[in-house]
Number of protein chains: 2
Amino acid sequence: MKPLKPLNALIIELGLKKGPIFINTAKTLNINSINCPALKGGAIKIQALLGNSPKSIVFRLALLLQIKPKEPFMKYIFILLLSSILANAQVKTDALNLMPWPQNINLTDGDFALNKNFKVNITGNPNPRLFTGATRFLRRLDGRTGLFFEQGFVTKINEFPSAQLQINCVRNGKIGINEDESYQLDIKSDKITINATSDLGAIHALETLLQLLQNTNNSYYFPMAVISDFPRFKWRGLMIDAARHFQPVDVIKRNLDAMAAMKMNVFHWHLSDDQGWRIEMKKHPKLHQLASDGDYYTQQDIKNIVKYADERGIMVVPEIDVPGHATAILTAYPEVGSKINFDKTTYAIERNSGIFTPTLDPSNPKTYQLLSEIFDEVCPLFLGNYFHIGGDENEGKDWDSNPKIQKFKKENKLGTNHELQTYFTMQLVPMLKKHNKTLMGWEEIMTKNMSKEAIIHSWKGTNEGIPAGQSLTNTVKNGYKTVLSNGFYIDLMLGVESHYLNDPMPKNTTLSDEEKAQILGGEATMWSELVTPTTIDSRIWPRTAAIAERLWSNDTITDLSSLHKRMKTISFQLEELGITHLRNKDFLLRKISNNQKISALEDFSNICEPLKIYSRNSGGTEYQTYSPLTLFADACTPDAIDALDFDLAVSRYLDNKNLENQILVTGYLKKWINTNEKLIELSSNAPLIQPLLPLSKSLSDLSQQLLLIIDKKQEVNAALINDLLEQCNSKKHADVELAVYNSLKKLISG
Amino acid sequence: MKPLKPLNALIIELGLKKGPIFINTAKTLNINSINCPALKGGAIKIQALLGNSPKSIVFRLALLLQIKPKEPFMKYIFILLLSSILANAQVKTDALNLMPWPQNINLTDGDFALNKNFKVNITGNPNPRLFTGATRFLRRLDGRTGLFFEQGFVTKINEFPSAQLQINCVRNGKIGINEDESYQLDIKSDKITINATSDLGAIHALETLLQLLQNTNNSYYFPMAVISDFPRFKWRGLMIDAARHFQPVDVIKRNLDAMAAMKMNVFHWHLSDDQGWRIEMKKHPKLHQLASDGDYYTQQDIKNIVKYADERGIMVVPEIDVPGHATAILTAYPEVGSKINFDKTTYAIERNSGIFTPTLDPSNPKTYQLLSEIFDEVCPLFLGNYFHIGGDENEGKDWDSNPKIQKFKKENKLGTNHELQTYFTMQLVPMLKKHNKTLMGWEEIMTKNMSKEAIIHSWKGTNEGIPAGQSLTNTVKNGYKTVLSNGFYIDLMLGVESHYLNDPMPKNTTLSDEEKAQILGGEATMWSELVTPTTIDSRIWPRTAAIAERLWSNDTITDLSSLHKRMKTISFQLEELGITHLRNKDFLLRKISNNQKISALEDFSNICEPLKIYSRNSGGTEYQTYSPLTLFADACTPDAIDALDFDLAVSRYLDNKNLENQILVTGYLKKWINTNEKLIELSSNAPLIQPLLPLSKSLSDLSQQLLLIIDKKQEVNAALINDLLEQCNSKKHADVELAVYNSLKKLISG
């Protein structure tokens with residue numbers, strides 16, 4: 001028997017709620033004492049202990065609080081001091097907030113206690129990136145714990161043979177998709193050992209170790225554990241579109257850090273589109289001078305980012321999108337466009353969103369000369385072996401209307417524009433091969449004449465009128481390697497579940513093993529029509545952590561409540577890497593509130609989500625690239641956090657309409673009535689709050705009716721309720737929708 | 001008489017306070033109706049109308065609220081709806097939140113109403129920076145108002161002759177310190193006109209216009225006004241030390257934006273010191289390769305930053321600190337150091353703070369060859385005509401112990417190390433002149449042999465054992481031009497008042513007019529021993545706005561309550577430019593709280609300040625450059641906002657011990673008792689809160705005693721009270737001090 005741990009205190013801030021509070025606690029707990037000066041003269045009744053996961057002994061406490069405080073205006077925050085009931089109280093596996101979840105984990109009793117003498121030692125033959133990686137690990141651990149580690153830098157092999165953390169690494173890892181990324185992590189009470197074939201695996205192990213950090217009230221420790229881990233898919237990517245809205249170097253760097261924390265290994269960098277060309281070009285400076293509004297990466301920026309990614313185990317795949325999505329290129333070089341009788345004004349940087357006609361001329365030798373020279377300059381900036389040439393959404397309108405191109409098509413016996421595009425794309429294959437790059441393109445590049453070496457990037461699905469997964473399966477059956485992005489379009493503002501359950505390997509598939517092996521993995525796509533450097537992090541994170549887990553972890557890891565629980569902690573930890581999703585939300589809300597208190601706005605934002613599936617910018621013309629993206633919809637995110645909790649409350653209430661469950665639901669309704677009042681107040685000095693008021697009023701009106709019904713003070717007027725409910729389904733206000741609509745509907749139907 | 005304006009609503013959020021509330025209101029107000037559902041069954045008593053500035057008719061309302069709400073847990077936020085009593089209700093001059101305050105401002109009745117058709121037109125002959133400047137102005141205004149302006153970019157002269165905002169600019173402004181930066185801004189109801197000699201003045205005018213933006217509940221407008229404005233001093237600088245802690249490009253850029261918003265025109269960039277060399281060097285790559293830990297600016301980064309600054313009217317003055325503060329240079333080139341028998345290990349990048357001995361060898365021709373080649377490479381990166389060579393804090397220890405240098409000193413008849421240093425510095429003058437740069441250095445470079453063309457940077461004062469201002473006066477009397485930094489050391493963590501009242505032009509000075517003209521202006525210095533990219537903004541802003549005002553505005557503008565009022569709004573507005581002082585504070589508090597609610601930590605941080613005058617890092621060895629700067633002291637800032645308000649409350653109470661004033665003071669005491677309880681609760685799951693608890697407990701204990709005394713429930717026990725008070729003066733906990741100590745002392749003594 002080990003001695004009792006220090007008291008663990010569980011703090012419950014009730015705020016305005018009067019109803020029962022659900023507590024997810026990570027530890028095995030016993031209520032020991034209640035210390036609450038604010039409640040003298042009041043009373044607390046512990047109503048029930050619900051739920052009990054037998055393996056992990058995680059309790060869910062439901063507390064019904066009936067409070068009669070002495071002082072009417074005292075804020076009634078109080079403590080339940082809880083101590084462990086088990087002498088060897090141990091962090092349980094289910095309580096860990098690991099993402100992506102490791103393939104194998106075995107926790108045992110005991111801890112490794114952290115102190116300022118903690119040191120790292122590296123043995124074996126790793127790439128130098130492991131030294132900088134271990135140094136960053138030390139800095140992050142020191143920043144979290146404030147321990148002032150003595151070791152400032154990890155600089156060479158076997159620097160501190162007696163260090164508590166030993167990293168053994170067999171060989172120099174090669175960045176890409178075919179390296180051994182596995183690792184073993186063994187935490188004992190006096191020593192931590194990481195074994196990995198390549199430093200890429202060792203770097204992953206350090207991220208796992210950081211996620212394992214636990215604390216008491218005054219110390220930090222790692223739980224004793226043995227973990228062996230490896231990725232399920234070899235391509236675990238994130239694409240960032242730096243063309244629609246330029247994303248400066250610091251945005252890219254912090255997202256690379258976050259990717260590395262989620263063990264992702266491919267950064268796909270969309271560098272040109274109708275709205276901009278983002279690469280400094282020495283030989284063709286017109287590209288960045290005329291087609292970037294001054295927003296581009298210098299070649300040294302790019303080299304630095306490629307190195308930065310490399311140090312974090314990430315390959316960078318550049319994309320230059322051709323022959324469509326080429327307005328920016330044609331703004332600089334109209335002579336290689338497909339429009340007849342062009343002049344200097346024929347093409348201009350696009351300010352709207354959508355699919356546009358400007359297309360490179362596949363019949364013009366100058367087109368290929370230009371592209372060849374571009375590749376000669378751009379390819380050497382990147383270390384990886386892949387180059388993405390786009391190839392999507394070319395509708396061929398300018399080809400159809402250009403007789404010269406039609407003639408070329410006939411002469412070359414190219415029956416369709418699709419075949420003409422393949423002819424075009426095939427010209428690029430040797431240009432890239434010259435630089436040892438494999439061509440990759442969106443699925444439109446695939447026709448029977450496309451090289452089987454090309455990697456086909458599958459992106460179409462139900463939004464494009466074909467069944468989800470069909471495009472991927474077709475690709476593989478046609479003999480191509482493929483990467484899945486359909487289902488991983490994080491710019492659609494859909495809930496995380498849809499991405500999380502989107503497995504690149506179809507369930508019950510009839511694919512052969514060889515065909516399955518052609519599915520390399522997947523990639524989240526962050527198109528940037530409606531995101532700026534201020535908001536992009538909040539669209540990528542924490543949701544992309546769920547995609548990273550889908551691509552790394554075992555296919556059986558699909559529990560949504562575990563996902564949501566772990567994402568909350570991961571979301572918090574991502575801030576450490578500079579990710580701005582939480583802090584910039586507060587900034588936007590302060591701005592919208594006109595420097596007033598933001599709590600009511602924050603509460604409302606936690607049940608609102610930006611309009612989905614591109615309906616916010618219908619037709620692509622409501623927002624220009626220079627339009628303000630500093631509005632309420634920009635502060636809101638998918639997976640509105642209170643909406644999820646409300647849905648749980650409704651389900652529980654419909655399952656059992658006891659008093660606690662009723663109070664839980666009505667607590668939300670009362671809160672929203674209150675939020676509406678506060679928003680009205682704030683709006684008197686904040687014009688940007690005005691557009692929210694109709695939606696807030698609808699929710700408040702419905703909440704008032706539902707309260708009367710639930711409290712049995714009024715009969716149900718179905719017509720009225722349904723009318724109010726449908727007003728809550730409005731998509732007409734402030735570019736947001738109420739994320740609680742479906743739960744309200746369920747509550748009403750139930 | 002104009003029609004009545006829409007109701008202006010003044011929202012008072014009482015929060016936890018029960019005492020009287022002081023309202024600073026910008027408008028002439030009359031209480032029209034009180035609409036407060038929460039107060040039915042309660043009562044409001046308007047106690048008094050205090051204060052009345054005859055010119056501006058700004059009222060201060062003191063409301064004593066006696067509330068008996070119906071619902072015990074209802075949060076009692078309520079509105080006083082107030083409408084104007086004057087038909088021509090107008091924003092008054094004193095209510096404007098302009099910084100720096102303009103030289104002349106005349107508000108008249110009426111508004112310019114803003115709508116989405118708002119456009120900008122430029123005439124005259126400005127530098128192209130005015131186009132990008134006007135475009136940024138449009139984006140910021142659009143971001144604040146959400147109006148979706150039609151005009152995306154301002155690209156050429158006379159693009160929209162009928163635009164509502166006309167900017168007339170006589171000529172291309174030359175960046176530097178001798179340009180005409182004046183402007184006239186005339187806002188009429190249907191047109192806004194900016195007239196400026198140079199585009200630098202026009203850019204300043206656009207910042208003033210942005211600060212003038214007002215709003216009703218659902219619209220935005222500018223008040224009608226005529227402003228003519230010009231700077232008092234020609235050198236209005238901010239120095240950022242990028243050597244002790246590297247500050248990435250995005251940190252520099254956002255600070256340049258903030259400087260421009262405050263009409264500052266010199267960015268002094270401290271690029272080398274004992275802790276690092278931060279410039280990529282093509283001919284001497286060992287400098288950045290061996291002496292930067294990989295953290296340096298590429299030459300293209302520097303060129304981009306210089307251009308970015310130029311577009312905002314700011315000159316960049318680089319600093320390479322020699323012959324002392326040279327450990328980084330000597331890490332790369334030990335052969336030009338002053339130590340005898342050096343080898344590769346003689347010098348290594350410094351990890352501590354302080355004054356170190358490594359010094360360039362002034363007797364070695366190689367030293368001058370290296371410096372000459374460095375200047376040949378670095379000078380062309382900068383457009384301005386000044387180059388700072390440091391020259392400070394060379395104690396000459398390594399010179400004294402090197403016989404070769406002693407011999408050189410004798411041979412050259414240099415009596416002191418100070419004269420030897422002047423010999424050294426004078427060798428640099430022609431190296432810089434070759435590139436058309438004037439040499440500037442810290443005041444130590446001044447001896448009788450120093451060129452009178454050099455600019456002497458005055459920094460010493462009472463901390464260095466000489467009277468404040470003496471060094472500046474000496475410099476001028478010696479015939480040098482000078483820039484003042486003594487009194488503007490923002491890294492000392494002193495209150496803003498000390499910087500604000502630090503006038504470069506001594507009061508009642510005996511200096512002649514010629515001598516006065518030698519005082520170019522001043523410069524805030526942000527030394528970075530204890531700041532990281534995460535915290536640097538919170539050390540610079542909003543305080544540097546006060547320094548900017550001292551350097552721009554009339555010397556009669558010294559009212560501290562106006563300063564504090566305006567700084568609150570400026571602080572909020574700085575966020576728009578990417579300044580992270582508010583959002584990163586929340587991030588650090590979330591981290592310290594271990595992902596719990598941060599409100600109690602925030603409350604405590606608002607009365608705590610980091611230890612002052614370098615006492616946080618006593619001896620320079622408590623923190624290394626890699627130590628965690630993510631602690632509570634890093635989240636705290638000088639000018640703790642609640643401390644200032646508490647001090648006002650105490651003064652008011654001591655002046656008149658009526659019930660309202662008593663409740664105001666006791667409200668704070670009760671809050672701190674509550675904060676202490678909450679911190680104890682939080683600390684049970686947050687080791688980083690533990691170090692705050694002793695200080696929080698001291699304040700809570702003293703508050704409890706003071707409450708009993710004020711409520712006349714207990715006699716004064718002077719010994720006990722003084723003991724508790726002195727515990728509140730402790731500097732031993734968490735690297736912070738209680739900023740309310742002096743006010744508490746005053747309260748007890750009074």
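**Entry 1: domains**

Which domains does the domain assignment of chain A give? I looked this up before anything else, keeping in mind that the model is predicted. The assignment lists domain 1 (8–83), domain 2 (96–229) and domain 3 (588–749). I then took the centres of domain 2 of chain A and domain 3 of chain A over their C-alpha atoms, and they are 44 Å apart.

**Entry 2: chain A in outline**

I went on to the make-up of chain A. I found 24 helices and 25 strands in its secondary structure. Chain A has 750 residues, and 49% of them are buried. I also checked how far along the sequence the contacts reach. Among contacts in chain A with a separation of 6 or more, 76% link residues 24 or more positions apart.

**Entry 3: two copies**

On one side I have 58 residues of chain A, in contact with 56 residues of chain B. The elements of chain A that each supply at least two residues to its side include β1 (8–13), β6 (77–83), α1 (129–145) and α3 (249–261). Also among them are α16 (560–574), α17 (581–593) and α21. The one that gives the most is α17(A), with 6 residues. I sorted the residues on the chain A side by kind and got 20 nonpolar, 22 polar and 16 charged.

**Entry 4: the cores**

Which residues touch the most other members of the largest nonpolar core? My answer is Ile314(A), Val316(A) and Phe632(A), in a core of 150 residues. Helix α21(A) gives this core its largest share, 8 residues. Domain 2 (96–229) and domain 3 (588–749) of chain A each provide at least three residues to this core.

Setting aside its neighbours within four places in sequence, I found Phe632(A) in contact with Ile592(A), Leu688(A), Leu692(A), Ala734(A) and Val736(A). Another core, of 103 residues, lies apart from the largest one, and its members include Ile240(B), Ala258(B), Ala548(B) and Leu563(B).

Which residues are buried in helix α24 (residues 741–749) of chain A? I noted Ser743(A), Leu744(A) and Leu747(A). Down the axis of α24(A), the buried residues fall within an arc of 100°, so they line one face of the helix.

Most residues other than glycine have a negative phi, and most peptide bonds are trans. I went looking for exceptions.

The peptide bond from Met99(A) to Pro100(A) is cis, with omega near -10°. Pro100(A) sits in the loop between β6 and β7 (104–113) of chain A. The bond joining Val322(A) and Pro323(A) is cis too, with omega about 0°. I traced Pro323(A) to the loop between β18 (315–319) and α6 (327–332) of chain A.

For phi, I turned to chain B. Asn158(B) has a positive phi, near 55°, and lies in the loop between α1 (129–145) and β9 (165–171). Is Asn158(B) buried or exposed? Asn158(B) is exposed, because 11 other C-beta atoms lie within 10 Å. Asp293(B) also has phi near 55°, and I found Asp293(B) in the loop between α4 (286–290) and α5 (299–311) of chain B. With 19 other C-beta atoms within 10 Å, Asp293(B) is partly exposed.

**Entry 5: one serine**

I ended with Ser401(B), in the loop between α8 (397–400) and α9 (403–411) of chain B. Ser401(B) counts as partly exposed, because it has 13 C-beta neighbours inside 10 Å. Ser338(B) is 63 residues from Ser401(B) in sequence, but their C-alpha atoms are 8.6 Å apart in space.

Note on methods:
Residues are numbered from 1 along each chain as its sequence is written. Chains are lettered from A and ligands numbered from 1 in the order in which they are written. This is a predicted model: local features need pLDDT of at least 70, side-chain atom pairs count only at pLDDT 80 or more; totals for chains, interfaces and linings use all residues. A residue is buried if 20 or more other C-beta atoms lie within 10 Å of its own, exposed if 12 or fewer, and partly exposed in between; C-beta atoms are placed from the backbone. Helices (H or I, at least four residues) and strands (E, at least two) are DSSP runs, numbered from the N terminus. The arc is that of the directions from the helix axis to the C-beta atoms. Domain bounds come from an automatic or database domain assignment. Two residues are in contact if their C-beta atoms, placed from the backbone, lie within 7 Å. Ala, Val, Leu, Ile, Met, Phe, Trp, Tyr, Cys and Pro count as nonpolar, Asp, Glu, Lys and Arg as charged, and the others, Gly among them, as polar. A nonpolar core is a set of buried Ala, Val, Leu, Ile, Met, Phe, Trp, Tyr and Cys residues joined through C-beta atoms within 7 Å.
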